[in-house]
Amino acid sequence: VPWDRPGARGPNDRGGHFVGTLSAGYGHKAVARLNAEGLALVRRWIDDPKTNHGLLLVTDSVSDRGAGFASRESPGPATRPALTVTWTPPENK
């Protein structure tokens, strides 16, 4: 579904669900930490891939500097995006 307004700024472009945090510094890896709702969302994507419509990254900063991410076409392999999943299973009780 196309966005209502560019930048996903329309009233129907994004939900109000906070699912985690993203931290990164210039030239460094971005690290996403998902909360329980974010983990449940990923579980739904695994169970039913057609429900995966991605995530919208939103800053809580008043700065308009934005963020940049290299694409897979980046000339340097070290700067190309990669996904590493670190998962800690719950302890058995």
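Visitor: Which residues does serine 74 touch, not counting residues up to four places away in sequence?

Guide: This is a predicted model, in which local features need pLDDT of at least 70 and side-chain atom pairs count only at pLDDT 80 or more, while totals for chains, interfaces and linings use all residues. Residues are numbered from 1 along each chain as its sequence is written, and side-chain values use heavy atoms, with hydrogens and water left out. Serine 74 lies in the segment after helix 1, and a contact means heavy atoms within 4.5 Å. With residues up to four places away in sequence not counted, the residues touched by serine 74 are Thr79 and Arg80.

Visitor: Is serine 74 buried or exposed?

Guide: The classes rest on relative accessible area: buried is under 20%, exposed is over 50%, and partly exposed is in between (1.4 Å probe, protein chains only). Serine 74 has a relative accessible area of 12%, so this residue is buried.

Visitor: In what order do the elements of the protein chain run from the N terminus on?

Guide: Helices (H or I, at least four residues) and strands (E, at least two) are DSSP runs, numbered from the N terminus. The protein chain has one helix and two strands. From the N terminus on, the order is β-β-α.

Visitor: How far apart in space are glycine 38 and valine 19, C-alpha to C-alpha?

Guide: Glycine 38 belongs to helix 1 and counts as buried because its relative accessibility is 1%. Glycine 38 and valine 19 are 19 residues apart in sequence, yet their C-alpha to C-alpha distance is 4.3 Å.

Visitor: What share of the residues in the protein chain is buried?

Guide: The accessible surface of the protein chain comes to about 9000 Å², with 56% belonging to carbon and sulfur atoms; such areas come from the Shrake-Rupley method with a 1.4 Å probe, and for residues only the protein chains shown count as cover. Of the 93 residues in the protein chain, the buried share is 9%.

Visitor: Which residue does arginine 43 meet in a salt bridge?

Guide: Side chains of opposite charge can pair when their charged atoms come close. A salt bridge is a side-chain nitrogen of Lys or Arg within 4 Å of a carboxyl oxygen of Asp or Glu, and the count by this rule is three. Arginine 43 is partly exposed because its relative accessibility is 46%, and four residues away in helix 1, about one turn of the helix, lies aspartate 47. At 3.4 Å, N to O, the salt-bridge partner of arginine 43 is aspartate 47.

Visitor: How far apart are the closest N and O atoms in the salt bridge of lysine 50 with aspartate 48?

Guide: Lysine 50 is exposed because its relative accessible area is 67%. Aspartate 48 has a relative accessible area of 26% and is therefore partly exposed. The closest N and O atoms of lysine 50 and aspartate 48 are separated by 3.5 Å.

Visitor: Which residues make the nonpolar surface patch of about 320 Å²?

Guide: Patches are made of residues with over 30% relative accessible area and no salt bridge, where like charges are joined within 9 Å and nonpolar side chains (Val, Leu, Ile, Met, Phe, Trp, Tyr) within 5 Å. Leucine 56, in the segment after helix 1 (36-47), is partly exposed because its relative accessible area is 38%. The nonpolar patch of about 320 Å² is made by Trp3, Leu56 and Val58.
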